[in-house]
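Reader: I have a chain on the screen and would like to go through it with you. Could we start with the pockets and then turn to some side chains?

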Amino acid sequence: MKDLVSWWRRYPWLSRLATVAGIFLVYGWALQGLEINLELLKTSWPHITNFISRLWPPNLDVLDIAVKALIETIQMSIWGTTIGAILSLPLAICSAHNLAPRWLQWVANFMQNAVRSVPSIVLGLLFVAATGLGAPAGTLAVSIYTIGYLGKFYQEAIESVEPRSIESLQVAGASWLQIAQYGILPQVLPLGLGYTLYMFEYNIRAASVLGVVGAGGIGFELVNYIRAFEYTKATTMMLVLLVVVTVIDMASSKLRQRLERM
């Protein structure tokens, strides 16, 4: 066995070759599972172009409806992200290996995984059944959806804290609260705020998708127009969403860059 290991170490290029071969095998296995029919794709191309041609030109008569629905989507995202961020913080602290005991890490990580395993559409259906059609259902769904992801992001931010700063505070006799205030928070805050901004931007798109199940926002109007075959009105909805998402993406990127320099 030792001879085999020493022989393997003598030719390091074999390890790289095996890695590349493994990657090709994984991609080949995944492609085989997709069962892509190239002939079907070729024959369906006229249907795709026909559908796209019916989307143009946008019908600006519904511009006021689009703006109103978009404002509702942004409001859903603001409250959904805020509630989710507040609830994510204690879950992240309980999950971090440098702060919590192992049994608590296991429970908190299991809760995060459980939340992340539920698709946002299912959460939307759940809250529509609980509160009825409209924005409250979408806001609650976005909140729960946010917990699963921000909890994980915050946890990784906490775990990346420089351990020597915590150890020096412990040696100086600092309390748990003082360690969190002076050792962890200054290092975690810029990264955590950056993650929250990214999640807010992402939640605007997620809130739009929730409209498909009647959870309010611009997605609700978009789906209704598509179901009624009013494609040009649906295009107006998508263009308004595109403009706002682009603007928020640019503003969010600038803010994240400033936070990284803090």
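Author: What follows concerns a predicted model, taken topic by topic.

Reader: How much space lies in the largest pocket?

Author: The largest pocket holds about 360 Å³ of space.

Reader: And which residues lie nearest its centre?

Author: Of the 17 residues that line the largest pocket, Leu-89, Ile-158, Leu-185, Val-188 and Leu-189 lie nearest its centre. The elements giving two or more residues to this lining are α4 (63–95), α7 (135–159) and α9 (176–210). The largest share, 10 residues, comes from α9.

Reader: How does the lining divide into nonpolar, polar and charged residues?

Author: The lining has 14 nonpolar and 3 polar residues, and no charged ones.

Reader: Turning to Ser-77, is it buried or exposed?

Author: Ser-77, which is found in helix α4, has a relative accessible area of 0% and is therefore buried. Beyond its neighbours within four places in sequence, Ser-77 is in contact with Phe-200, Asn-203 and Ile-204.

Reader: Now the aromatics: how many aromatic pairs are there?

Author: The count comes to 6 aromatic pairs. One of them, Phe-51 with Tyr-231, is edge-to-face, at 5.2 Å centre to centre and with 70 degrees between the planes. This pair links distant parts of the chain, with Phe-51 in helix α3 (residues 38–53) and Tyr-231 in helix α11 (residues 231–260), 180 residues apart.

Reader: Is Tyr-231 buried or exposed?

Author: Tyr-231 counts as buried because its relative accessibility is 9%, under the 20% cut-off. Phe-51 is partly exposed, with a relative accessible area of 34%.

Reader: Which residues do ring pairs link into a cluster?

Author: Phe-51, Phe-229 and Tyr-231 are linked into a cluster by ring pairs.

Note on methods
Residues are numbered from 1 along each chain as its sequence is written. This is a predicted model: local features need pLDDT of at least 70, side-chain atom pairs count only at pLDDT 80 or more; totals for chains, interfaces and linings use all residues. Side-chain values use heavy atoms; hydrogens and water are left out. On a 1 Å grid over the protein atoms alone, a cavity is a set of points where a 1.4 Å probe fits but cannot get out, and a pocket is an open set with protein on both sides within 12 Å along at least five of seven lines; lining residues have an atom within 4 Å of a point. Grid points are joined across faces, edges and corners, and a volume is the space filled by probe spheres set on the points. Helices (H or I, at least four residues) and strands (E, at least two) are DSSP runs, numbered from the N terminus. Ala, Val, Leu, Ile, Met, Phe, Trp, Tyr, Cys and Pro count as nonpolar, Asp, Glu, Lys and Arg as charged, and the others, Gly among them, as polar. Buried means under 20% relative accessible area, exposed over 50%, partly exposed in between (1.4 Å probe, protein chains only). Contact means heavy atoms within 4.5 Å. Rings of Phe, Tyr and Trp (its six-membered ring) pair if their centres lie within 6.5 Å; planes under 30 degrees apart count as stacked, over 60 as edge-to-face and the rest as tilted.
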